[in-house]
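Here are some notes to read alongside the model. Have the structure open as you go through the points.

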Amino acid sequence: MKKNIVLIGGSHGIGHAIVTQLAPDNNIFVASRSNEGLENLDVTHIQFDATKDDLDASKFPNEIHGFVFCPGSINLKPFKMMGLDTFEQDMHLNFFSLVKVLKAIMSKMTDNASMVFFSTVAVTNGMPFHTSVSASKGAIEGFAKSLAAEYAPKLRVNVVAPSLVDTPLSSRLLNNDKKREAMAERHPLKRVGTPEDIANIAVFLLSDDSSWMTGQIIGVDGGLSTLNVN
């Protein structure tokens with residue numbers, strides 16, 4: 001049976017890699033600002049800006065078997081250079097917009113449905129200049145664990161926590177060979193992540209192969225969160 005899977009975001013980066021893997025065998029609904037990159041995929045696109053719009057639940061099927069929330073930010077600045085507005089914007093994009101979307105579609109989630117959210121390795125590993133993004137992604141981790149407990153055994157909720165991934169969002173951190181080499185060297189596996197690295201885990205979490213997993217924060221980070229080899 002084909003599953004109905006909803007992605008918020010999915011036109012670029014990790015979301016697009018997830019859609020590419022899932023589209024051949026599932027009914028995919030992508031709610032995002034643009035359908036760029038989706039033209040050649042068999043998906044239903046819904047115009048939606050997570051920071052501004054209310055999600056119209058009537059545009060989705062009555063039964064949703066999988067849900068992925070992709071929007072995110074990488075605000076890397078010294079704490080003293082960030083105003084409260086930066087923290088509010090990151091919290092709104094990363095966390096409050098997730099809660100708002102879930103309020104709209106939660107009643108459509110079927111028994112045994114799976115939800116996948118995204119955090120960052122910086123929540124586990126204290127890193128300079130990550131105060132804003134770590135705060136908002138840390139909120140997602142705490143929220144996901146509580147949500148998983150509240151909705152067990154009906155729903156499964158898991159979080160993927162990547163390190164640096166080569167996507168448009170991180171392009172300014174990887175925009176020359178010297179930066180790319182330095183970022184790769186930070187990781188025990190000596191490379192930055194690819195969208196496919198993260199998509200592989202997300203697709204697994206949406207599948208029945210992960211049916212005994214919930215409330216987990218899964219590091220896909222080249223070993224950065226657990227190994228010290230430098």
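**Notes on the predicted model**

1. Let's start with the rings: Phe67, Phe95, Phe96, Phe117 and Phe143 form one aromatic cluster. Rings of Phe, Tyr and Trp (its six-membered ring) pair if their centres lie within 6.5 Å, with planes under 30 degrees apart counted as stacked, over 60 as edge-to-face and the rest as tilted. By this rule the protein has 6 aromatic pairs. With ring centres 6.5 Å apart and planes at 85°, Phe67 and Phe117 are an edge-to-face pair. Phe67 sits in strand β4 and Phe117 in strand β5, 50 residues apart, and the pair links distant parts of the chain.

2. A word on the ground rules. This is a predicted model, where local features need pLDDT of at least 70 and side-chain atom pairs count only at pLDDT 80 or more, while totals for chains, interfaces and linings use all residues. Residues are numbered from 1 along each chain as its sequence is written, and side-chain values use heavy atoms, with hydrogens and water left out.

3. Then have a look at Phe79 and Phe87, an edge-to-face pair with 5.9 Å centre to centre and 75° between the planes. Here Phe79 is exposed at 57%, whereas Phe87 counts as buried at 19%.

4. Now the overall layout. There are 6 helices and 7 strands, taken as DSSP runs numbered from the N terminus (helices H or I, at least four residues; strands E, at least two). From the N terminus on, the order is β-α-β-β-β-α-β-α-α-β-α-α-β. The radius of gyration is 17 Å, close to the 17 Å that the globule rule gives for 230 residues, so the protein is as compact as a globular protein of that length. That radius is taken over C-alpha atoms, and the rule is 2.2 Å times the number of residues to the power 0.38. Of the 230 residues, 50% count as buried.

5. Helix α1 deserves a look. In this helix (residues 13-22), 7 of the 10 residues are buried, so α1 is largely enclosed by the rest of the structure. Among them are Ile14, Ala17 and Leu22. What do the buried residues of α1 pack against? Their partners, by contact (heavy atoms within 4.5 Å), are β1 (4-8), β2 (27-32), β3 (43-47), β4 (64-69), β5 (109-118) and α6 (195-206).

Conventions. Buried means under 20% relative accessible area, exposed over 50%, partly exposed in between (1.4 Å probe, protein chains only).
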